[in-house]
Amino acid sequence: MPHTTAFARNQWYVAAHAHEVGRELLGRTVLGEPLVLYRTEEDGTAVALHDRCVHRRYPLSEAPTRLDGDRIVCGYHGFTYDTTGTCVYVPGQKRVPRTARVASYPVAERDSLVWVWIGDPALADPDAVPRARHLDSPGWVTVRGMEPIDCDYGLLVDNLLDLSHETYLHGGYIGTPEVAETPITTEVDEDAGIVRVGRHMADAECPPFYARSTGLAGRISRRQDIEYHAPCLYLLHSRIAPAGADGDDSRAFRTEITYAITPSADGRVYDFWAVSRDWATDDAEVTEFLRANNHTVVMQDVDALNLLQRSLGAERAGYQELSINIDTGGLAARRILARLAEEGDKPVEPVS
Amino acid sequence: MPHTTAFARNQWYVAAHAHEVGRELLGRTVLGEPLVLYRTEEDGTAVALHDRCVHRRYPLSEAPTRLDGDRIVCGYHGFTYDTTGTCVYVPGQKRVPRTARVASYPVAERDSLVWVWIGDPALADPDAVPRARHLDSPGWVTVRGMEPIDCDYGLLVDNLLDLSHETYLHGGYIGTPEVAETPITTEVDEDAGIVRVGRHMADAECPPFYARSTGLAGRISRRQDIEYHAPCLYLLHSRIAPAGADGDDSRAFRTEITYAITPSADGRVYDFWAVSRDWATDDAEVTEFLRANNHTVVMQDVDALNLLQRSLGAERAGYQELSINIDTGGLAARRILARLAEEGDKPVEPVS
Amino acid sequence: MPHTTAFARNQWYVAAHAHEVGRELLGRTVLGEPLVLYRTEEDGTAVALHDRCVHRRYPLSEAPTRLDGDRIVCGYHGFTYDTTGTCVYVPGQKRVPRTARVASYPVAERDSLVWVWIGDPALADPDAVPRARHLDSPGWVTVRGMEPIDCDYGLLVDNLLDLSHETYLHGGYIGTPEVAETPITTEVDEDAGIVRVGRHMADAECPPFYARSTGLAGRISRRQDIEYHAPCLYLLHSRIAPAGADGDDSRAFRTEITYAITPSADGRVYDFWAVSRDWATDDAEVTEFLRANNHTVVMQDVDALNLLQRSLGAERAGYQELSINIDTGGLAARRILARLAEEGDKPVEPVS
């Protein structure tokens, strides 16, 4: 009885950090659809095609498949596709069958993220991509990574919407007693599909993640303002300042923590993460510290969620959860995800 | 079509050797129920709780879950439980929901074994725990271990009830030609759920296991008297003496070989083993030899049973077995296990 | 939705190269039937028995099972079988049950291949074994090997019937651009179950496999004549000569490439391979080069087919293929295999 959250198909999802897509073929699976991604030689546009050759279904992202200019040459029998997915060469004959074509997916590159649309292409509106401008803005420095997790994507949504786990799972890194102790405020915009969870700690211990990077030595005021744009984009607006100086912008440190939660397949999710700051931007040591420290934190989540998925998968029958106040945001997120999944399954009305 | 023997729920099962349970959280699965075991700081009592937090079902036996005094603090969000399984703390709010509680299982510690009861707690009678007093008696020295096996627990019962396999699987360790050649006697006490299998070899080769530990050089008289208390406790009363001196207690060596057969989950079993002796009790070399030699013997069983389970699992359809005289005890054990499993499934009549 | 091609039961299949069968017990699975193979001490005849003891189904091919003369002694409880599969000894009693017998399979050893018949033994005609005489003829030298692949055997049939993949998957070894470019001719003998695919390249690059072994430096004439005897035997008659000298036998090099395609179980196949030549037969360096080079080529297929099977297995629903001219032979092979499988499932009419 594994835990599975339905997929919302008609939505934008992050398939890759921009720097991951280049002239090497990159295989990713989004909502169960295998994709091959690359950039054109001509103008660097990101391309996302279905990752299976039409002939005998060899994965186009796997060697010896290769790029020939902007065309993909299948590594099994040489079927060759252009950037639209149209087959332009087959072995042993001149005529290419008219139906020889792999699906091409809408792509929108924004804020150093490569978003793809798996559902009905007619509904793909690039202006609907939720933004995370700090990832690619002057004056901001970002560290980032991606970890695949063998768990239902709903477990990662649960994890990120309820930061009380920082105190326990990430103690000694980003958690302190105050995170678990402080009650949250939750706002839900059902129509926009946005969940906001806030936690304001007036007088808190400074966790090593911030103490070592900012140099703040004593107690701090700490704010965590989550803004989750279901299904994929999670923004954590973090602000710390010396305790009592919360109102003084000149003594505060703003950090933007970004996650993109991309369902890969049933029981698999991509955990894209980034930490952006507009302070100490020239300090390479701080940059490396934040990268390494957040990677450690992400791996703590990865280990816990892999374990949790295995545990839930071993349940012999249905199981119950017990939800409390801290789960308000996570439960709202589940409701919104269920609605988006249901809407994505409805037949789309023709434009008249 | 894997081999699966039904579980008898209303029975005592060994969850651990006593020394395995301490102030580190120990995870074990018995009859498919995940358990976390530990000892209290206060008086060293062994505690067995359900190994899943009520909140989001994180395993309580897994780091960073930890003990705080005699309470377990979940490593994910800090839900905290006392020794009865009652939740006494949750994050972010003062009120602990009344239903926040994990199951607590009856525990009986006897003879250096920690027994648990998974079925109806009202039926758990500690006096019904079958005894193996030699494991923890003055004048006896015991070596022991535990190996998990990826097989149906019925295969381990089969294995232990039919010792003719010693000649083939454990040749050069505990098997000699006479074990397979000598006919057995079998007694079954259906009501008590006890199977006795005896094999008395008047003039037999001395296997290395005994030759090296006792110093007996020539032919021996050898008795193997099995006493299987279904479902979990298996006692092998072993006695060897120089051939012809069987009646002379002063020249005989008694060894008690104990197995506890605990079904962990479908296709998984814990093989607890112990070898106890009341001779050469001060000889550390003999102790280490018996430990290492019996561990090797157990691992021969482990390898054979893992293999057998995989083979049976790969059968395309039903399969047949062919049973002969040596299987009389094993077949009786299967009948008793089937009856105990069936009884355990019946609704329990209320005490009037 | 894994790819599975039905098994044709009443057919001969290669279970082993002759040199693989000896006095060590060899386990192989053919059409889902586990077999144990060995040679008799008496006259070296190859024996194939069902690989499960009748008693508790221990695999007879696994240690500590062993040969005692020409009898197999089960490593678990010592049940002993003669070359016909008849049980001749059981432990603990004198009488051997009449029904104690494991199946024995017809074996035909031809051309250094050990063929077995899994279907109705009454239909097993050794004269129907398709021949590959070059494997064991004076004047020919052969290198060979076997690789198990975790894929449907139909994928290996597809692979071998369409050599256009040499250009892409085996470029730098046996593939050159001309293989993919040159149209094929296909002949199908539906009744005999033989598919012939020919490709004649008048003026082609010489691939490293032949350039280094023959010493031919320039352009070549190259012929590939496939002769597939469904379901198991695949012969590739290869002939190269300097370009323009195709008609001159004295300047041509004939190489016989043999594959035996033996379905092991659903999603598993044995890929037996051999390369035979009647030129440079005394040159050990050429022998070793051809062995190593063809092994590399086989491993390229193994990797691709393992990958392909995993990809097809991950498909959420049915999938389509697109076939073109080069697939004519492979599609004919699929038709023949489907017919042979269907015929093998029909009840056999009694001989009247």
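## A loop residue of chain B

At 44% relative accessibility, B:Arg251 counts as partly exposed; buried stands for under 20% relative accessible area, exposed for over 50%, and partly exposed for values in between (1.4 Å probe, protein chains only). This is a predicted model, in which local features need pLDDT of at least 70, side-chain atom pairs count only at pLDDT 80 or more, and totals for chains, interfaces and linings use all residues. Residues are numbered from 1 along each chain as its sequence is written, chains are lettered from A and ligands numbered from 1 in the order in which they are written, and side-chain values use heavy atoms, without hydrogens and water.

B:Arg251 belongs to the loop between strand S15 (233-242) and strand S16 (253-265) of chain B. Strands (E, at least two residues) are DSSP runs numbered from the N terminus, as are helices (H or I, at least four residues). From B:Arg251 to B:Leu233 the separation is 18 residues in sequence and 29 Å in space, C-alpha to C-alpha. With neighbours within four places in sequence left aside, B:Arg251 is in contact (heavy atoms within 4.5 Å) with B:Ile240, B:Ala241, B:Pro242 and B:Ala245.

## Open sheets in chains C and B

In chain C, three strands form an open sheet in the order S2-S3-S4, with antiparallel pairing; two strands pair if DSSP finds at least two bridges between them. Strand S2 (26-30) and strand S4 (46-50) of chain C each have a single partner strand, so one side of each is left without a neighbour in the sheet. The twist averages 35° from one strand to the next, where axes are lines fitted to C-alpha atoms (for helices over the stretch in contact) and angles run from 0 to 180 degrees between N-to-C directions. Five bridges pair S2(C) with strand S3 (residues 33-39) of chain C in the antiparallel sense, and C:Gly27 stands opposite C:Val36 in S3(C).

Chain B holds an open sheet of four strands in the order S5-S6-S7-S8, also with antiparallel pairing. Its edges are strand S5 (66-68) and strand S8 (87-89) of chain B, each with a single partner strand. Strand S6 (residues 71-73) and strand S7 (residues 80-81) of chain B pair over two bridges, and B:Ile72 has B:Tyr81 as its bridge partner in S7(B).

## Strand S16 of chain A

Strand S16 (residues 253-265) of chain A is mostly covered, with 11 of its 13 residues buried. Strand S15 (residues 233-242) of chain A runs antiparallel to S16(A) and is joined to S16(A) by eight bridges; A:His237 has A:Glu256 as its bridge partner.

S16(A) also pairs with strand S17 (residues 268-277) of chain A, in the antiparallel sense over 10 bridges. A:Thr255 stands opposite A:Arg277 in S17(A). The hairpin of S16(A) and S17(A) has two residues between the strands, and A:Gly267 there takes a positive phi near 75°.

## Aromatic rings and charges

Over all chains there are 21 aromatic pairs. Rings of Phe, Tyr and Trp (its six-membered ring) pair if their centres lie within 6.5 Å; planes under 30 degrees apart count as stacked, over 60 as edge-to-face and the rest as tilted. C:Phe209 and C:Tyr210 have ring centres 4.9 Å apart and planes at 80°, so the pair is edge-to-face. C:Phe209 is buried at 1% relative accessible area, and C:Tyr210 is buried at 3%. C:Tyr270 and C:Phe272 form a tilted pair, 6.1 Å centre to centre with 55° between the planes, and both residues are buried.

The charged end of C:Arg28 sits over the ring of C:Tyr270, 5.4 Å from its centre; this requires NZ of Lys or CZ of Arg within 6 Å of the ring centre and within 35 degrees of the ring normal. In chain A, A:Arg277 lies over the face of A:Trp279, at 5.7 Å from the ring centre.
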